[in-house]
Amino acid sequence: AGKDMIKPLVRTLLAMMTELEEDPDWESADSPEEDEEDSNAITAEMALDRFACAMGSQAVLDEITQTVPVMLQDPDWKKRHAGLMAVSACGEGCHKQMEGMLGSIIQAVVPRMDDPHPRVRYAACNAIGQMAADFGPKLQKNFHSAIIPAILHVLDDKCPRVQANAGAALVNCCEKSPKGVLVEYLDPLVKRLEEVMTAKFQEMVEKGHKHVLLQTVTSIAAVADAAGDNFAPYYDRFMP
C-alpha cells in the first residue's frame, strides 16, 4: 500500500512546486534572503527532498524521470523551474539510482541554463551546483565538457541573481573537482571572473549592490584552491 502512495505524493509535491509568484523585483533583489521561505513551492521542495531520503527507492525516481522531462519542456516557466528544483531535491535520497543516469540528467539540465526566463536559469544553476556536490568528483570528471562551459556562459548573465548562482555552482564544482579537469579551463574561467569582479566592484561603488561581487570573490578563491599551484600565474591579477 505504501508504494501505491509514492506516485500521487510526488505528483502533488511537483504541482505545489509550481506555485510561484510573478515577482518583478526578483531579478534585482540584492539579497537572496528576501525570498519567501514559507512559500508552498519551497515547502514542497523541502518535502520532496525528505521524502526521497526517507524512501530512497527506485519508485520515487521512476516518477521523477517520468514527469520531470515533460516539465522541462513545458511553455510555462514555473513548470520548468519546478522540474529543475526536483532534480536538485532528489540527488541525496535517490543517489544510488541517479548515479547511473547522470549523462541523461546533464543533457536535460544544461540547456535550461540558457532558458529565456531568468528564474529557470537560476534553477538550472542550482541543479548543477547540487549535483556537483552530491555526485562529485564523478560528475566533474565525466561531464566537465558540458558543465564548465555552461557555467562560464551564465557567469556573464544579465540577471545578477543568476550570475551569483552560477558562481555558487562553480564553487560546488571546484570543491570536488580533480585538479587536472579544472586546469584546462583556467584561462577562460579566470578571465571571466576577473571581468565580473571588476564590473561588480564598480557597481558596488555606484549603487551599493554587493551580492554578485561577494559570490565572485568566493568563486575566485574556490578556483584558486582547486587549481593549486596551477593558479600561480594568475595570482598577481587579484593581489596587489
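In helix H1, which spans residues 6-16, the buried residues are Ile6, Val10, Leu13 and Leu14, where buried means under 20% relative accessible area, exposed over 50% and partly exposed in between, with a 1.4 Å probe and protein chains only. Viewed down the axis of H1, these buried residues fall within an arc of 100 degrees and so line one face of the helix, the arc being that of the directions from the helix axis to the C-beta atoms. The buried residues of H1 pack against helix H2 (40-55), helix H3 (58-72) and helix H4 (77-90), with contact meaning heavy atoms within 4.5 Å.

The model is predicted, so that local features need pLDDT of at least 70 and side-chain atom pairs count only at pLDDT 80 or more, whereas totals for chains, interfaces and linings use all residues. Residues are numbered from 1 along each chain as its sequence is written, and side-chain values use heavy atoms, with hydrogens and water left out.

The protein chain has 13 helices and zero strands, these being DSSP runs numbered from the N terminus (helices H or I, at least four residues; strands E, at least two). The radius of gyration of the protein chain, taken over C-alpha atoms, is 18 Å, close to the 18 Å given for 240 residues by the globule rule, so the chain is as compact as a globular protein of that length; the rule is 2.2 Å times the number of residues to the power 0.38. Of the 240 residues, 48% count as buried, and among contacts between residues at least 6 apart in sequence, 74% join residues at least 24 apart.
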